[in-house]
Amino acid sequence: MDQLLSALRAAAETTRLRILALLSKGELTVGELVSILDQSQPRVSRHLKLMCDAGLLARFQEGTQVFYRLEDEGVGANLNASLVPLLPEQDMNFLHDLRALAGIRQDRFEKAQGYFRENAQSWDEIRSLHVSEEQVETALLEMQGRQKFNRMLDIGTGTGRMLDLFAPYASQAVGIDISREMLSVARGNLAKKDLTNCQVRMGDMYKLGVEPESQDLILFHQVMHFADDPSKAVAEAAKALSVGGALLIVDFAPHAEEFMRSEHAHRRLGFAEDEIIHLGASHGLDCSAVKHLDGGKLRVTIWQFKKTA
Ligand SMILES: C[S@@+](CC[C@H](N)C(=O)[O-])C[C@H]1O[C@@H](n2cnc3c(N)ncnc32)[C@H](O)[C@@H]1O
């Protein structure tokens, strides 16, 4: 009862309802909220603190930036789910905020795309060596059976492409990446496509920071070849996977393109089918399917694991 009362009190104020409406469209930094709401930073920060304390919002720091998002667990999450649909969309304040938010998103997207453009050449060089991404993505959807599920974690999300691919099937999808620039690109992509069930955050494949057995689908899409310690990465993923959940690893089969190591920071030049199968097994995962996709210098392999106990 106390928790519900304090959450209700925290929501019952015009600026705080505006904040709820804005964050229902995706996570934002304090600076972005200050600029949209056109109020002083101390004032906005006070509102945010109160809403976090009451369990309506979650706060997380990424480098020098502090992000806020709607809490997705507990009393606050349930209250948010009831309140957000009741917010009057034609209210003058809300209309102003949504317009300002659209402007900020456009700016962010253009900046991030600038970064991506600078790096795109090296990505294209690798892409030209294997089957089309479309073929890999179709294979992934087929292996997963295009079924609805609850939570998904995309490890090393990069541009967020895997979130986009699985968003129609997931209730909630989170992408993590250690690169702030890539997260910025991913955020721009998610906002542009209005994928409100997807989020990205800074995170490390060796320390996922999610509840044990909380994820129904986990992906490593073209990430494992960067890993210093693939076993530790799979161990973390296995811990985070729910019983009945699936882990998908997509990477290259063993190859001899040494320039991928010298020029693209790959640590491993692909993985043998058995190596990954044993890796999964050593962390209690059963390999349920393996698919090889040929069509270029590099063979792409998909491993699907299930957690059965
Ligand atoms: C080649 S990109 C693949 C991106 C995405 N999965 C895709 O296929 O489009 C590899 C990504 O892994 C991220 N990465 C590398 N090491 C990581 C780590 N230890 N934890 C989380 N992400 C990592 C990189 O920042 C990069 O965005």
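Seven strands form an open sheet in the order β6-β5-β4-β7-β8-β10-β9, and the pairing is mixed. The edges are β6 (198–202) and β9 (286–293), each of which pairs on one side only. From one strand to the next, the twist averages 15°. The model is predicted.

**Strands and helices**

Strand β4 (residues 149–155) pairs with strand β5 (residues 170–177) in the parallel sense, over 6 bridges. Within this pair, F149 stands opposite A170 in β5. Helix α10 (residues 230–240) packs on the sheet. It touches β4, β7 (215–221) and β8 (241–252). The direction of α10 makes about 150° with that of β8.

Which residues of α10 are buried? They are P230, A233, V234, E236, A237, A238 and A240. The cover over these buried residues includes β4, β7, β8 and α12. Helix α12 (residues 273–282) itself lies across β8, β9 and β10 (300–306). It runs at about 20° to β10.

**The ligand site**

The ligand is surrounded by 15 residues. The closest are G156, D177, D204, M205 and H221.

| Residue | Protein atom | Ligand atom | Distance |
|---|---|---|---|
| D204 | polar side-chain atom | nitrogen | 3.1 Å |
| M205 | polar backbone atom | nitrogen | 3.0 Å |
| H221 | side-chain N or O atom | oxygen | 2.4 Å |

On its own, the ligand has 590 Å² of accessible area, and the protein covers 86% of that. The site also ties back to the sheet. D177 is among the closest residues to the ligand, and β5 spans residues 170–177. H221 is another of the closest residues, and β7 spans 215–221.

**Q144**

Q144 sits in helix α7 (residues 133–144). Is Q144 buried or exposed? Its relative accessible area is 16%, so Q144 counts as buried, the cut-off being under 20%. What does its side chain contact? The side chain of Q144 makes a polar contact with the side chain of Q304, at 2.8 Å. Leaving aside residues up to four places away in sequence, Q144 touches F166, L217, A246, L248 and Q304. L217 falls within β7 (215–221). A246 and L248 fall within β8 (241–252). Q304 falls within β10 (300–306).

Terms used: Residues numbered from 1 in each chain as written. Predicted model: local features only at pLDDT ≥ 70, side-chain atom pairs only at ≥ 80, totals over all residues. Heavy atoms only, no water. Pairing = 2+ DSSP bridges. Helix = DSSP H or I, 4+ residues; strand = E, 2+ residues; numbered from the N terminus. Axes fitted to C-alpha atoms, helices over the stretch in contact; angles between N-to-C directions. Contact = heavy atoms within 4.5 Å. Buried < 20%, exposed > 50% of the residue type's maximum accessible area, 1.4 Å probe, protein only. Near = heavy atom within 4 Å. Polar contact = N/O pair within 3.5 Å; in protein donor to acceptor, adjacent residues only side chain to side chain. Areas by Shrake-Rupley, 256 points an atom, 1.4 Å probe, with all protein chains shown as cover.
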